[in-house]
Amino acid sequence: MPVKNRLAELHSEITEWRRDFHENPEILFETHRTSARVAELLTEFGCDEVTTGIGRTGVVGVIKGKTDTRGAVIGLRADMDALPILEATNLPYASKTDGAMHACGHDGHTAMLLGAAKYLTETRNFDGTVVVIFQPAEEGGGGGREMCEDGMMDRWGVQEVYGMHNWPGMPLGKFAIRPGSFFAATDQFEIFVKGKGGHAAKPHEGIDPVVTASQIVSSLQSIASRNVDPVEQVVVSVTSVESSSKAFNVIPQQVHLKGTVRTLTAENRDLAQARLTKLAQSVAEGFGAEAEVKYYRGYPVMVNHEEQTEFAAEVAKGISGQCDEAPLIMGGEDFAYMLEERPGAYILVGNGDTAPVHHPEYNFNDDAIPAGTSWWAEIVERRMPAA
């Protein structure tokens, strides 16, 4: 795998950073130790500016090239937060924080971007400015949104932004990407089905919210199968059913449903929300019950920009020899907020044959580090070639 010689030399040091982050995971916006360490290292590298507290606990570093004839500014983003998972890897550097684990590889993303930052501060072989972005709370907290709302893009004049995620099951160090919709919008819902409770031996005297809720669960599957074009992807999953009674012989007053909706277009997102609400209420009415629907919009669809995606793929091919077309992914990614503000692209790098992300036995593959760091460095040097 052709990688930059200097980044190959830094491999062991980057690995040490990664394993330190893995051993000390922090969740959502509570990335205080991680953020402090990132800021410390960026300062040691000689970044021209290091700013903390963006998006609560985010860190931004600025690296100026040898020249700046065109005023070009590129942002590179890595996520820092871990997941509330009990680790089961038994690694010597396993999590020391009970119930927290880097089960998605954000430790690797952070370490790789730090490696690229060190290389770029040493060489500065580019014409323009690099803004390295270390984001908290990707795992459900919307840290990317908060960094944007703090004015990050305008404050540092970011013109394009690039991100990366490791991908288990993909060959180690290989890349995959796709233009347009890539990761799904991630919405959540609650449905409160309200009936009339009573004795289970006398169902005719009540209005059974359990039967009603069961029909609602089944009916919601018609959104994907009967309301959406069959060539498009929509997922509606009811993931929790809870009755207000725990007894064997009581028809409860209420059933509480929870679930998620995943869509890949704004139009289908609106459609799914409208149909879910109408179906729940109409089915409940048909049984003489009531349904209160609460719908929460999460991350938007992550959309790669065509020009930047093509460029990112060419850079990847230069490192690994190929860049495959990535599949559509129904998981969410809050890099979507940054791509709504600026053109850019998000790429996958292979983690090899490992446990999947969000699994207690997952571990970022340190052998992917040279490919990842090289991609970020090449994005800068090829997009902003030295004058």
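Let's start with strand S3, residues 73-79, in this predicted model. Val 73, Gly 75, Arg 77 and Asp 79 point one way from S3, while Ile 74, Leu 76 and Ala 78 point the other way.

Now, who are the neighbours? S3 pairs with strand S4, residues 129-135, in the parallel sense, over seven bridges. To get from S3 to S4 the chain passes through helix H4, residues 106-123, and this β-α-β crossover is right-handed. S3 also runs parallel to strand S5, residues 160-167, with four bridges joining them.

Okay, over to helix H9, residues 266-286. Its 21 residues reach 30 Å from first C-alpha to last, close to the 30 Å expected. Which residues of H9 are buried? They are Asn 268, Arg 269, Ala 272, Leu 276, Leu 279, Ala 280, Val 283 and Ala 284. These sit on the same side of H9, because they cover an arc of only 110° around the axis. On the other side, Ala 266, Glu 267, Glu 285 and Gly 286 are exposed.

And what covers that buried set? The cover includes helices H7 and H8, along with strands S8, S10, S12 and S13. One last stop: after H9 comes Gly 288, with a positive phi near 80°.

Methods
Residues are numbered from 1 along each chain as its sequence is written. This is a predicted model: local features need pLDDT of at least 70, side-chain atom pairs count only at pLDDT 80 or more; totals for chains, interfaces and linings use all residues. Side-chain values use heavy atoms; hydrogens and water are left out. Buried means under 20% relative accessible area, exposed over 50%, partly exposed in between (1.4 Å probe, protein chains only). Helices (H or I, at least four residues) and strands (E, at least two) are DSSP runs, numbered from the N terminus. Two strands pair if DSSP finds at least two bridges between them. A crossover is right-handed if, with the strands pointing away from the viewer, the path from the first strand over the helix to the second runs clockwise. The expected span of a helix is 1.5 Å times one less than its number of residues. The arc is that of the directions from the helix axis to the C-beta atoms. Contact means heavy atoms within 4.5 Å.
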